[in-house]
Amino acid sequence: MNLASLLPAPVQPVWDRDDDRKQKLAQRSSTALVSAQSIAPPYGQRRGWVPRNVTDYGDGGAFPEIHVAQYPLNMGIKGKESTSNAIAVQLDAEGKVKYDVLARQGHAKDKIVYSKLSDLLPVEMVAENDPSLDKPSQDEVDEVTERTRLALMKITNSKIAAAMPVRCAERQGPAEFIRYTPSQQGAAYNSGAKQRVIRLVEAQVDPMEPPRFKINKKIPRGPPSPPAPVLHSPTRRVTVKEQKEWKIPPCISNWKNAKGYTVPLDKRLAADGRGLQQLHINENFAKLAEALYIADRKAREAVETRAQLEKKLAQKEKEQKEENLRQLAQRARDERAGIRVAPAEKTADDEEHEREMLRQDRHKERARERNLARAAPDKRSKLQRERERDISEQIALGMPARGVQSGEMQFDQRLFGQAKGLGQGYNDDEGYNVYDKPWREGGSLANHLYRPSRNVDKDTYGEDLEKIVKTNRFVPDKEFGGTDRSATAARSGPVQFEKEEDPFGLDQFLSQAKRASKRKEPERRDDRDKRKRRD
């Protein structure tokens, strides 16, 4: 047992070229007796040794202590491009291999490439003392604010100038003076002057000149820095449960379902989104429930109080009845025993009870009139007017008589006449049989109205009411000729007239006139024939 077996495994493995080479040599099986291999001398013994071949570098780079031109993996040789995509191993300050060189291959230097685990963490966690995270000073804030203001002003002025119909000439920059010393010196050159001063001025630009070049062409931007990589956990076998959980059901339309899929109710309700909605119950429901509960409780208390009051009243009435029965029994026993008892006088309670009953009756009548006036005021006034009408007005209006109402129900006897109907057929079309029966067969309204009541009008008419009714007061003293008022001659129907046969002889006259017209036609023809013969 050694110390390496007791220590935990390193989190980040360290790669060593010599150890890797030894491991590969140990795994490689060779049958050759002698193996030729070029290995660089160890460090400190490389004086006078110069690497000549690619194999001398191994998998590493150049040797810094050997001051000759070195081209590991033929990189950097002019006239000979390397076809290998191998990259030299580079180590960081801690001696660890920089694997991010592979990720940076083919990218620009200023492009940010995330290749380490620390790149996924925020800067606040990695470097707490980083000066870039410090709050800037007031001078830096003012400087950045001024630069931002100038940049925005420049953009705004350019937009305003482009929108204006006439552009003003831009202000030219200050002139620059350059001292120029020509290479050719002599009297024949530059008028014999050794130096010249050149005045450099910006050329005047015509504001109305159209643009010379097309500068509105949009050039696509280069690819940005790649995003931070997403680290995944090591792969593992997927269980059947996870497969079922990750199974995505097919999309089923609410209108078309050609394949005949069925959706369970729980899935349909889950897809409906009802579980995501938060139910909010209005507080008025609670108020309503509380109000109903209070009303129910009050109603129960009122019913219970009323029941108790009715029970007390019934008990009091029962006691009063028992007291009355007791008094009657006592009076009967006294009378049977021959004891004379003075008639009982009405007590104050009985008189008060009678007055209370009268008061209640009048109160009910006033309440009924008030309800009628509130519900149908026109109806009440109409009833009142009909009640106050005179008898003559009732006869003229044809109002029904107010007879004594009997307990038996009254029916219209015409409803029971089933002898005639659709089954008996119709009468002749020429017959005028619309009114085959009288409207009121039992008598007229006037007979009921004018006939005095026997019991009510007994004091006025006396006992001879029947005689007065049967007396014929309107019989004429002198009769017409041929009238018969006997009982046998009384008619049972309307007045009948006898039809006479042509009293004026119109039918005979018309028939003769018709015959006379037909006879004159042949006579006229004979006269015409005689005239023709004479001619």
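Residues are termed buried under 20% relative accessible area, exposed over 50% and partly exposed in between (1.4 Å probe, protein chains only). The model is predicted, so local features need pLDDT of at least 70 and side-chain atom pairs pLDDT 80 or more, while totals for chains, interfaces and linings use all residues. Residues are numbered from 1 along each chain as its sequence is written, and side-chain values use heavy atoms, without hydrogens and water.

Eight salt bridges are present in the structure. A salt bridge is a side-chain nitrogen of Lys or Arg within 4 Å of a carboxyl oxygen of Asp or Glu. One of them joins Glu-94 to Lys-96, with the closest N and O atoms 3.7 Å apart. Glu-94 is exposed at 64% relative accessibility. Lys-96 is partly exposed at 33%.

Another salt bridge links Arg-149 and Glu-146 at 2.5 Å, N to O. These residues are three apart in helix H5, which means a separation of about one helical turn. Helices are DSSP runs (H or I, at least four residues), numbered from the N terminus. Arg-149 is partly exposed at 40%, and Glu-146 is partly exposed at 35%.

In helix H8 (residues 283-337), Asp-296 and Arg-300 lie four residues apart, about one helical turn. Their side chains form a salt bridge of 3.2 Å, N to O. Asp-296 is partly exposed at 36%; Arg-300 is exposed at 57%.

Lys-111 sits in the loop between helix H3 (100-104) and helix H4 (123-126). Lys-111 is buried but has no salt bridge. The nearest side chain of opposite charge, Asp-110, is 7.3 Å away.

Methods: Helices (H or I, at least four residues) and strands (E, at least two) are DSSP runs, numbered from the N terminus. Lys and Arg count as positive and Asp and Glu as negative; His and the chain ends are not counted.
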